[in-house]
Every structure is written in C-alpha cells, then in structure tokens.
Amino acid sequence: MAVVELIGIKKYFGHVKAVDGIDLEIKDGEFLALLGPSGSGKTTLMRLIAGLESSTEGKIIINGEIVNEVPPRARGIAMVFQSYALYPHKTIFKNIAFPLVVEGLNKEEIKKKVLWAAGLLGIGHLLDRMPSQVSGGEKQRVAIARALVRRPKVLLMDEPLSNLDAKVRHTAREELKLFQREIAVTTVYVTHDQAEAMGLGDRIAVMNEGIIRQIGTPEEIYHEPVNTFVAGFVGIPPMNFIEQDSVIIGFRPETFLPTELIPDKDLMRLRFRVERVENLGSHRLVYGTIGDAKVISNLSLPYSIREGEEYDFSVRLKDIRYFDKEKGVRIKR
C-alpha cells in the first residue's frame with residue numbers, strides 16, 4: 001500500500017493545459033475516483049502518476065519518495081485500461097502470469113501468485129481457456145488479476161468497466177469494491193460515469209478543464225457542491241437552478257415536491273408548470289418550468305400529475321443551495 005502525493009502538478013501539451021496545478025493527497029488504501037467529462041484531464045493525471053507522461057511542473061511522491069524521474073516499472077504501480085489488452089494467443093493463466101515471467105520469477109512462484117490473483121477474482125476455473133472463450137466481464141477480471149499479481153503499491157484503473165453492458169457493469173462494480181477492500185491497495189479510478197464514482201469511491205475528485213473543482217466523500221459531493229459545475233455535473237438528474245437577481249438557487253429534483261407532500265413549514269413555494277412526465281416504475285421524472293427556468297421533480301410518492309397543468313410545488317429552505325451568479329461559487333446562508 002502507499003500514500004500518493006501530488007504537489008503543484010501541471011501538464012501542458014503545447015498551449016493546451018491538460019492538468020493545471022493540482023495538489024492532491026491519496027490516502028493509504030483509499031479508493032479515489034477521478035470523475036469528470038471527456039477532456040477534463042483525469043486520464044492525463046493518472047498517466048502522470050504512472051509515469052507514462054512526464055509533468056511540466058510539480059512533484060509526484062509515492063510513500064515519501066519523489067518519483068518524477070523514476071520509470072513506470074520501478075514505481076510499484078499497476079494499470080488496468082479500458083481495453084483489456086489480453087494476448088489472444090495465450091491462455092488466461094499465461095495472460096495473468098505475463099508480468100511475472102518478464103520479471104524472471106521461477107515457475108512455482110509464478111503459479112502461486114497467479115492462483116492467488118485468480119482466486120481473489122473468482123476466475124480460477126478459467127485459467128486453461130483462451131480470451132476468446134470468456135465473457136467481457138471475465139476478461140475484465142483477467143485484466144485486473146494481471147495487474148494485481150505483482151502486488152502493486154498503487155492500482156490505477158482507466159474506465160475498466162465501460163465496455164460491459166449495464167447489468168454486468170453493475171455486478172462488476174460490486175465485485176471491484178469488495179476485492180479492493182480485501183486487498184486494501186491504494187486505488188485511483190478514472191471514470192466519466194458518476195454512478196461508478198459514487199458507488200466505488202471513498203472520495204471523489206471532480207475534475208474539469210485540468211483542475212480539481214471539488215474533492216470529498218460521495219455524500220459531500222452530492223449534497224454540498226462547492227460550485228455550479230459540480231452541482232450540475234453530479235446527480236441524475238442534475239441539480240435544478242433558478243436565477244434570482246445576483247444569486248442562483250439550486251435544489252435537487254428529489255427535494256422539489258408538491259407542497260402538500262412536504263411535512264415542513266419552512267418552504268420556498270413555487271408555481272410549477274408541468275410539460276412532460278417520464279414514468280420509470282419506482283418513480284417519475286416530472287419535467288416543467290418555473291418562469292423561464294427549466295426544472296425537474298423526482299417524484300416517488302403517489303400524486304396525480306397531468307401534463308400541461310400548473311401545480312403548487314415547494315422545496316424546504318434547508319435543501320436549497322445558493323451560488324454566486326457571476327462566479328458560480330457556493331454562498332453560505
């Protein structure tokens with residue numbers, strides 16, 4: 001296990017600032033999710049930690065050692081990529097064993113380590129098969145086993161579940177969290193999928209334009225966003241915004257409900273015109289407007305709603321977040 005520290009890290013490609021001054025400490029054994037849209041700098045940051053890119057400025061420290069000039073193989077890091085990059089002509093056993101063969105370990109040691117990693121990921125019965133004979137979810141586990149077999153200090157994962165279908169991805173996410181807790185390896189997980197970040201991360205670093213906009217637990221990121229970018233990016237559906245003079249008020253769709261369903265007197269009452277209702281079984285997403293602002297209610301309680309009608313909706317004052325209209329930063333009230 002390891003502590004990873006980033007101090008003033010910058011990475012420029014010509015005039016493009018891919019990573020623009022990041023300070024970050026990843027705790028020993030922590031699962032840190034790097035979340036952000038495409039082009040936000042999250043993959044570049046991970047490649048800098050791995051040593052696959054060199055930083056323009058700043059220090060990368062692993063367990064107290066500055067590793068800027070240390071080659072990737074000597075950093076004690078393993079990576080799992082979006083493409084599993086398995087060797088199609090090698091068995092699953094040989095795919096997992098490959099980094100150990102390169103290191104020159106003897107056959108008995110290799111077998112011991114491969115069986116350990118395969119057992120951890122529940123793929124011991126697949127070792128004699130070829131990659132073409134296993135499913136996408138199983139290939140993903142093979143790639144992780146190959147990364148873990150060297151017992152790395154730090155595990156870096158770049159959207160490893162994105163090639164799986166939705167049902168398999170959900171199962172793989174649960175398995176990934178369980179085995180990460182079991183081996184307690186410091187893990188950095190890059191994703192643009194907020195469900196993955198929220199479900200897996202001990203903490204989440206939300207990135208945009210090469211900068212970490214907020215870092216915190218999933219609960220902090222969701223309930224206490226520090227700016228309108230984080231508030232609007234995290235959440236399905238995202239936070240509602242209404243402009244009021246120099247202030248933007250924000251509230252989550254699940255807190256915006258018919259007034260008669262809210263057992264609280266400290267409310268902001270709003271006239272809500274319903275445009276469309278999307279029935280999702282356990283809940284309904286109600287799309288509409290308040291004045292010129294488009295807003296959404298996530299309604300899980302029974303209530304008769306008709307498209308084209310206006311209703312008295314409210315949000316509790318304690319569920320409202322305030323942001324500066326010009327800078328988009330959170331205002332405490």
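Which residues are buried in H1? Select helix H1, residues 42–50. Lys42, Thr44, Leu45, Met46, Leu48, Ile49 and Ala50 are buried in H1. Buried means under 20% relative accessible area, exposed means over 50%, and partly exposed lies in between (1.4 Å probe, protein chains only). Because 7 of the 9 residues of H1 are buried, the helix is largely enclosed by the rest of the structure. Step just past H1 to Gly51, which takes a positive phi of about 90°.

Before moving on, note that this is a predicted model, where local features need pLDDT of at least 70 and side-chain atom pairs count only at pLDDT 80 or more, while totals for chains, interfaces and linings use all residues. Residues are numbered from 1 along each chain as its sequence is written, and side-chain values use heavy atoms, with hydrogens and water left out. Helices (H or I, at least four residues) and strands (E, at least two) are DSSP runs, numbered from the N terminus.

**Stop 1: salt bridges**

The structure holds 15 salt bridges. A salt bridge is a side-chain nitrogen of Lys or Arg within 4 Å of a carboxyl oxygen of Asp or Glu.

Select Arg203 and Glu30. They form a salt bridge, with the closest N and O atoms 2.4 Å apart. Arg203 lies in strand E9 (residues 203–208) and Glu30 in the loop between strand E2 (16–26) and strand E3 (31–35), so the pair ties together parts that are 173 residues apart in sequence. Arg203 is buried, at 16% relative accessible area. Glu30 also counts as buried, at 5%.

Go next to Asp202 and Lys177. Their side chains meet in a salt bridge of 3.1 Å, N to O. Asp202 is in the loop between helix H6 (194–200) and E9, and Lys177 is in helix H5 (residues 166–183), 25 residues apart. Asp202 counts as partly exposed at 34% relative accessibility, whereas Lys177 counts as buried at 9%.

Now pick Asp312 and Arg269. This salt bridge is 2.3 Å, N to O. Asp312 sits in strand E17 (residues 310–316) and Arg269 in strand E14 (residues 267–279), so the pair ties together parts 43 residues apart in sequence. Asp312 is partly exposed, with a relative accessible area of 25%. Arg269 is exposed, at 56%.

Finish this stop with Glu224, Arg321 and Arg330, which are linked in a network of salt bridges.

**Stop 2: Glu278**

Stay with strand E14 and select Glu278. Glu278 counts as partly exposed, at 26% relative accessibility. Show the contacts of Glu278 (heavy atoms within 4.5 Å). Not counting residues up to four places away in sequence, Glu278 touches His283, Arg284, Leu285 and Tyr287. A polar contact of 3.0 Å joins the side chains of Glu278 and Tyr287. Such a contact is a pair of N or O atoms within 3.5 Å; within protein, one must be able to donate a hydrogen and the other to accept it, and residues adjacent in sequence count only if both atoms are side-chain atoms.

**Stop 3: charges over rings**

Arg276 lies over the face of Tyr287, at 4.1 Å from the ring centre. A charge sits over a ring if NZ of Lys or CZ of Arg is within 6 Å of the ring centre and within 35 degrees of the ring normal. For another case, select Arg252 and Tyr222. The charged end of Arg252 sits over the ring of Tyr222, 4.1 Å from its centre.

**Stop 4: aromatic pairs**

A search of the whole structure finds 9 aromatic pairs. Rings of Phe, Tyr and Trp (its six-membered ring) pair if their centres lie within 6.5 Å; planes under 30 degrees apart count as stacked, over 60 as edge-to-face and the rest as tilted.

Select Tyr87 and Phe98. The pair is tilted: 4.9 Å centre to centre, with 55° between the planes. Tyr87 is in the loop between strand E6 (77–80) and helix H2 (92–103), and Phe98 is in helix H2, 11 residues apart. Tyr87 is partly exposed at 29% relative accessible area, and Phe98 is partly exposed at 30%.

Last, show Phe251, Phe256, Phe272 and Phe313. Ring pairs link these residues into a cluster.
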